[in-house]
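Dear colleague,

Please find below the structure that I am handing over to you. I would ask you to look through the sequence and the model first, and then to read the notes that follow.

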Amino acid sequence: MRAVAKAHANIALVKYWGKRNESLILPMNGSISMTLRELSVVTAVEFHPRWQTDQLIINGSDASRTDLERMTRFLNIVRDLAQTDWRAHVVSRGNVPLASGLASSSSAYAALATASTEALRLHLDRTHLSILARQGSGSAARSIYGGFVEWTKGERDDGTDSYARLLCSPDSWDLSMVIAIVGYGAKKISSREGMARVVATSVFYRDWLNTVDDDLDNARRAILQRDFTTLGQITEASTYKMHATTMGASPPFCYWQAPTLEVIHQVERLRDHGIECYASVDAGPHVGILCKDVNAHRICEAVSGILGIAHVLITRPGPETKIEESFNEA
Ligand code: PMV
């Protein structure tokens, strides 16, 4: 039994930062993101009664043992739902830099959730797909949808009310995200490890939680009213606040590298010159720059020359996950 699905990565505008339940991946706070058209993953999943173990191939190579074990833990949830013990062979190909702070796991687990449940004929609706994808990687809960998406943290201990929903479809707002990529190497502290340390030790974490609901309310309203300025201001503030919590952790740490700050300064200069744009940084050194479509190329040029920037790409709001007929390149 086989199925193929395509999913797009997302970047948070109001960040998810901290878990209240590590195994179910339940967040301490809600979050809002934009799904990205140009960054995607296609995953083929096949289950077979004769296979003894799961197998995972990512971009043509055998996955690491850690990635394979994580996938098996996730597929065990899917197997429980389908009441089967069949093992799976999974082949995944994408264009998202892996484990670098560019939300590669958001598209990976959204695609895996969609393809594996389709292969086992579970026919989950998007709410249940989001709940499932969340258990692979928190941010994957949001990649089930396209455009602008909110993941509600939920209150229940079993996570049945912690899932994403659509706020604004991809074609109904002419925004772009210019992404300045600092380097392709894996980051030293994963988002999982970083947020756990912050929740346990950061002197600023309580302040993060105290302000995030207002940020969510204001960002949601801004998206519904297509108020770019307010959304951009909240996006940038959410980035600064999230990274402040890492600096207040014990031991402290920082995801930014020198080019990260150079790009942020360039964003400020562009704004001073009337090109409205706002910076966003996740758990890595890269910078997403939220802007109107018309300014994307100008911004791309303005950050391309910065020393240490390996690559700059322009992304538009992207679509929801979907089943593919065949395994084509993402
Ligand atoms: O879902 P994870 O474990 O990749 O965590 C994502 C954390 C941030 O990217 C920093 C924020 C977010 O909401 O995506």
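In which loop is H286 found? H286 lies in the loop between β11 (277–280) and β12 (287–292). Please keep in mind that the model is a predicted one.

H286 has a relative accessible area of 3%, and because buried means under 20%, this residue counts as buried. Its C-alpha atom is separated by 4.9 Å from that of I181, although H286 and I181 are 105 residues apart along the chain. A polar atom of the H286 side chain also lies 3.0 Å from the backbone nitrogen of V182.

T235 is placed in helix α7 (residues 228–247), and its relative accessibility is 1%, so T235 is buried. Leaving aside neighbours within four places in sequence, T235 is in contact with L13, A279, S280 and L290. S139 sits in the loop between α3 (126–134) and α4 (140–143). S139 counts as buried because its relative accessibility is 12%. Not counting residues up to four places away in sequence, S139 touches N10, Y16, S105, S106 and W151.

The chain is divided into domain 1 (2–169) and domain 2 (175–315), and the centres of domain 1 and domain 2, taken over C-alpha atoms, are 23 Å apart. To their contact, domain 1 gives 32 residues and domain 2 gives 47 residues.

The size of an interface is often given as the accessible area lost when the parts come together. Here, domain 1 and domain 2 bury about 3,200 Å² between them, with 70% of it on carbon and sulfur atoms. L13, K15 and W17 supply 26% of the area that domain 1 buries against domain 2, more than any other three residues.

Across the interface of domain 1 and domain 2 there are eight residue pairs in polar contact. On the side of domain 1 that touches domain 2, at least two residues come from each of β1 (2–14), β4 (31–48), β8 (148–151) and β9 (164–168). Of these contributions, that of β4 is the most, with six residues. The residues of this side of domain 1 divide into 18 nonpolar, seven polar and seven charged.

Finally, there are the salt bridges. The structure holds 15 salt bridges, and the count between domain 1 and domain 2 is two.

- E320 forms a salt bridge with R126, with the closest N and O atoms 3.3 Å apart. This pair links distant parts of the chain, 194 residues apart: E320 is in the loop between β13 (311–315) and β14 (322–324), and R126 is in helix α3. E320 is partly exposed at 37% relative accessible area, and R126 is partly exposed at 25%.
- E155 and K153 meet through their side chains at 3.5 Å, N to O. E155 is exposed, with a relative accessible area of 61%, whereas K153 is partly exposed at 23%.
- E236 and R271 form a salt bridge at 2.9 Å, N to O. E236 belongs to helix α7 and R271 to helix α8 (residues 258–272), 35 residues apart. E236 is buried at 10% relative accessible area, while R271 is partly exposed at 27%.

With kind regards

Notes
Residues are numbered from 1 along each chain as its sequence is written. This is a predicted model: local features need pLDDT of at least 70, side-chain atom pairs count only at pLDDT 80 or more; totals for chains, interfaces and linings use all residues. Side-chain values use heavy atoms; hydrogens and water are left out. Domain bounds come from an automatic or database domain assignment. Contact means heavy atoms within 4.5 Å. Buried area is the accessible area (1.4 Å probe) that two parts lose on being put together, summed over both. A salt bridge is a side-chain nitrogen of Lys or Arg within 4 Å of a carboxyl oxygen of Asp or Glu. A polar contact is a pair of N or O atoms within 3.5 Å; within protein, one must be able to donate a hydrogen and the other to accept it, and residues adjacent in sequence count only if both atoms are side-chain atoms. Helices (H or I, at least four residues) and strands (E, at least two) are DSSP runs, numbered from the N terminus. Ala, Val, Leu, Ile, Met, Phe, Trp, Tyr, Cys and Pro count as nonpolar, Asp, Glu, Lys and Arg as charged, and the others, Gly among them, as polar. Buried means under 20% relative accessible area, exposed over 50%, partly exposed in between (1.4 Å probe, protein chains only).
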